[in-house]
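Subject: Structure for you to look at

Hello,

Please find the structure below.

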Amino acid sequence: MGLGLRSPHKVRRRFPASGKRGRGAKASGRPSPGCERQPRPPPDGRLEPAPDSHPHLSPEALGYFRRALSALKESPKTGEERELMVYNILKEVEAQALALSTNRTGSEMLQELLGFSPLKPFCRVWAALRSNLRFVACHRCGVHVLQSALLQLPRLLGSPAEEEKEEEDGKDGPMETLEELVLGLAAEVCDDFLVYCGDTHGSFVVRTLLQVLGGTILESERARPHGSQSSEAQRVPARECKPTDFEVPETFVNCLQDLSSCFLKDIAVFITDKISSFCLQVALQILHRKWPQFCAHLCNAVIDYLSTRNSSADGSPLLLFLRDQTSSRLLEQVLLVLEPPRLQSLFEDHFQGQLQTLAAHPIANFPLQRLLDAITTPELLSPVFEELSPTLEAVLAQGHPGVVIALVGACCRVGVHQAQVLRLLLEAFHCAEPSSRQVACVPLFATLMAYEVYYGLMEEEGAVPAEHQVEMATARALGEVTVLGSLLLQHLLHFSTPGLILRSLGALTGPQLLALAQSPAGSHVLDAFLTSPSVTRKQRRHVLQTLKGQYVALACSRHGSRVLDAIWNRAALGARKEIATELGERNQELIRDPFGHHVARNVALTTFLKRREAWEQQQGVVAKRRRALNSILEG
C-alpha cells in the first residue's frame, strides 16, 4: 500500500497481513505414527526409573482394549449391561494402567475410557499410576492421560459416593478418594515445582492442575485436541476465553494458594524460561478469577523484577523485556489481568512516549495490543490514542494491523474517539478524499487494501486523487476478506454512529454482499450488522434488500446458510414470506444440498408450499414469542 507521497511504485503496495509471531518453542505433542522413542532423560539430571523397568503393552492387550472400546461405543448409553462392561474393562485397565499410559495408541484409548468411567473405577486407575506420577507426567504420551484425568473432575466431583465400601478396601487399606488423589498429585508437583514446570510435557499437567484446583477450565483447554499444541496455537488472549466454572472442595482452593506461592520463590525462572512461563500465565488467569489479591501480588512481582534489570538506553528497562520472545508473552497476560489503576500507573511509568516504537517492533507490538485490549477508561485511552493516532497508516504498512484493530476496539468499548479513528482509517486507506471514495470503505477495510491497490489504479506522484467511479466499483468482485479486516468492520459496526459503514454496505451489489456472507471471515461482519444495537431496523432492511435474488445461493453455502438463519430469526412476517417464496421456487435444489436442506427445514418450506395458511399461523405464534422474549430481556 502507498505510504506518504503517492508514487507509481508505492501505490501498488498493500498492507501486509499480520505476520506470524516468530518466537516460542513448540510444545511437543504426540509423536508421528510409528515413532516410539523412549522419553529422553531430563536436562537437569534428575533420576527417573529406567524406561526398560516399566511394563510394555503387548499387541494382544492392545487388541483387547481396542475391541473393548469399540464395543463400549456401540452399546446403549445406559443400563446394567453397559455399567458391567465399563466396570470389567476398567478392571483390566487398572492392571495395565502404566503400560497403556506410555503407549501412543494405548494412551489415546485410555483417555477415551476415562471419559466413560464412574467415580470409583476412575480412582482405582489413578491410584495405579500413583507410584509413577512423575514418569507419566513427563512422558510424551502419559501427560495426555493425566490431563484427561484431571479434566474429568468437573463431571466426577459431583458424583455420589457408592455404598459398597468394603469391596474397595484392599490389602493396603481403604481406597483413596478423588479429592485425596488430586491433592496427592498437587503435593508431588509442589515438591518438584521447577522440574514439572520446566518439563515440556510436565508443564501441561501443572497448567491443567492449576485450573482444576481453581474450579475453572479455560476454553482453550477444553477445546484442545488430545495432542498438545504449539506455542503459536496457545496464544489466545484471555479476553476471548470463556472459562467453565465448577464447584471444588475448600481444600482445592487452599492447595491452589500453596501451589501459586511457589512461583514467587523462583520468579526469575518463570519470567525467562519459555516452558515454565506458560504455567505462570495460566496461574494468572485462574487467580484473577479466584484470588485477585494474590494475582495482583504476582503481577507486581513480575513488574518489579523486570523494572530492576539492566536499564534500556531509550527508556524503562521493562521495554527490553517487551521485545523478548519469552517475557513479552508473560507481560501480555499481566496486562490483561491488571486492575485499571495499576494499568494506568504502568502505562505512565513504562509505556508512555514509547508506543510508536513498540507498534513498529515485530514482537513488542503484541504486548501493546494486549494493553489496548485491557483499556476500560477514557483517562487511559486518551493519551494512548493521542500517541498512536498519527502513525496508523505506517503501522498498517509495517504488517501490524492487529495494533490498529485493537485501538479501534478500545474506542468502541470505551466509547470515545470514534469519529477521529474512523477519519484516520479513511485517510490510511486513501478513501477520505475525495469524499465520493468513502462509500467504498467496506471492501477496503475488509481486504486491508488501499483504494488504488483494490481497484488497480496507477496514480502519479502528487496527482490529485480521482473521484470514485460507481461503474468500476460495481463491476469488481469483492476481494478476499481477511480475518483482521472482518474484526475491524465488526468494531466499526458497533460504534455509536456507524452510518458511513452502513452506507458502504448498502452500496455493495447483490453478488458482492453474497460473497461477503459466504466468506468465513466476512460472514461475521454480517453477524455484527444484524446484532449491533447501533443499527436500526430500517437500516437493516435497506441493506438486506440487496440480497433479494441471492437467498438460494446463500442457503446452499456453509457460512451463508448461517447468515440466512440469522436474518430469518430477526425478520418480520412480511420479510419471511419474501424469503420463503424465493426459496420455494427452487425447493428441490435446496433439499438436495447439504446446507440448503437445513435452511428449508428451518423455514418450514414444505408447509409454506403446501399449507400456506398453517404456515402463517405458525410464524405468527413464533413472532409473538419472540416479541414477548424481547420485552422481558429489555425490561
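Which residues of H7 are buried? They are Gly142, Val143, His144, Val145, Leu146, Gln147, Ser148, Ala149 and Leu150. Buried means under 20% relative accessible area, exposed means over 50%, and partly exposed is in between, with a 1.4 Å probe and protein chains only. Helix H7 covers residues 142-151, and nine of its 10 residues are buried. Helices (H or I, at least four residues) and strands (E, at least two) are DSSP runs, numbered from the N terminus.

This is a predicted model, in which local features need pLDDT of at least 70 and side-chain atom pairs count only at pLDDT 80 or more, while totals for chains, interfaces and linings use all residues. Residues are numbered from 1 along each chain as its sequence is written, and side-chain values use heavy atoms, with hydrogens and water left out.

Overall picture

The protein has 41 helices and two strands. Of its 635 residues, 52% count as buried. Contact means heavy atoms within 4.5 Å. Among contacts with a separation of 6 or more, 74% are between residues 24 or more positions apart.

Phenylalanine 15 sits in the segment before helix H1 (59-74). Because its relative accessible area is 3%, phenylalanine 15 counts as buried.

Helix H17

Helix H17 runs over residues 292-307 and has 16 residues. The expected span of a helix is 1.5 Å times one less than its number of residues. For H17 this gives 22 Å, and the end C-alpha atoms are 22 Å apart, which agrees. Buried in H17 are Phe294, Cys295, Leu298, Cys299, Ala301, Val302, Ile303, Tyr305 and Leu306. What do the buried residues of H17 pack against? Their partners are helices H14 (250-265), H15 (267-272), H16 (276-290), H18 (318-322), H19 (327-337) and H20 (340-351).

Two helix pairs

Axes are lines fitted to C-alpha atoms, for helices over the stretch in contact, and angles run from 0 to 180 degrees between N-to-C directions. Angles under 35 degrees count as roughly parallel, over 145 as roughly antiparallel, 65 to 115 as roughly perpendicular and the rest as oblique.

Helix H10 (residues 178-191) and H14 cross at roughly 10 degrees, and their axes come within 10 Å. H10 and H14 are therefore roughly parallel. On the H10 side the contact is made by Glu179, Val182, Leu183, Ala186, Val189 and Cys190, and on the H14 side by Thr251, Phe252, Cys255, Asp258, Leu259 and Cys262. By type, the residues in this contact are nine nonpolar, one polar and two charged. Here Ala, Val, Leu, Ile, Met, Phe, Trp, Tyr, Cys and Pro count as nonpolar, Asp, Glu, Lys and Arg as charged, and the others, Gly among them, as polar.

Helix H32 (residues 510-518) packs on helix H33 (residues 522-531) at an angle of about 100 degrees, with the axes 5 Å apart. That makes the two helices roughly perpendicular. Leu513, Leu516 and Ala517 of H32 meet Gly522, Ser523, Val525 and Leu526 of H33. This contact has five nonpolar residues, two polar and no charged.

Salt bridges

Side chains of opposite charge can pair when their charged atoms come close. A salt bridge is a side-chain nitrogen of Lys or Arg within 4 Å of a carboxyl oxygen of Asp or Glu. By this rule there are 14 salt bridges.

Glutamate 112 and lysine 73 form one of them, at 2.8 Å from N to O. Glutamate 112 is in helix H4 (residues 104-116) and lysine 73 in helix H1, 39 residues apart. Both are partly exposed, glutamate 112 at 31% relative accessibility and lysine 73 at 43%.

Another joins aspartate 245 and lysine 290, with the closest N and O atoms 3.9 Å apart. Aspartate 245 lies in strand E2 (residues 244-245) and lysine 290 in helix H16, so the pair ties together parts 45 residues apart in sequence.

Arginine 423 and glutamate 433 also meet in a salt bridge, at 3.1 Å from N to O. Arginine 423 is in helix H26 (residues 418-428), and glutamate 433 is in the loop between H26 and helix H27 (441-447), 10 residues apart. Salt bridges that share partners join Asp245, Arg289 and Lys290 into one network.

Regards
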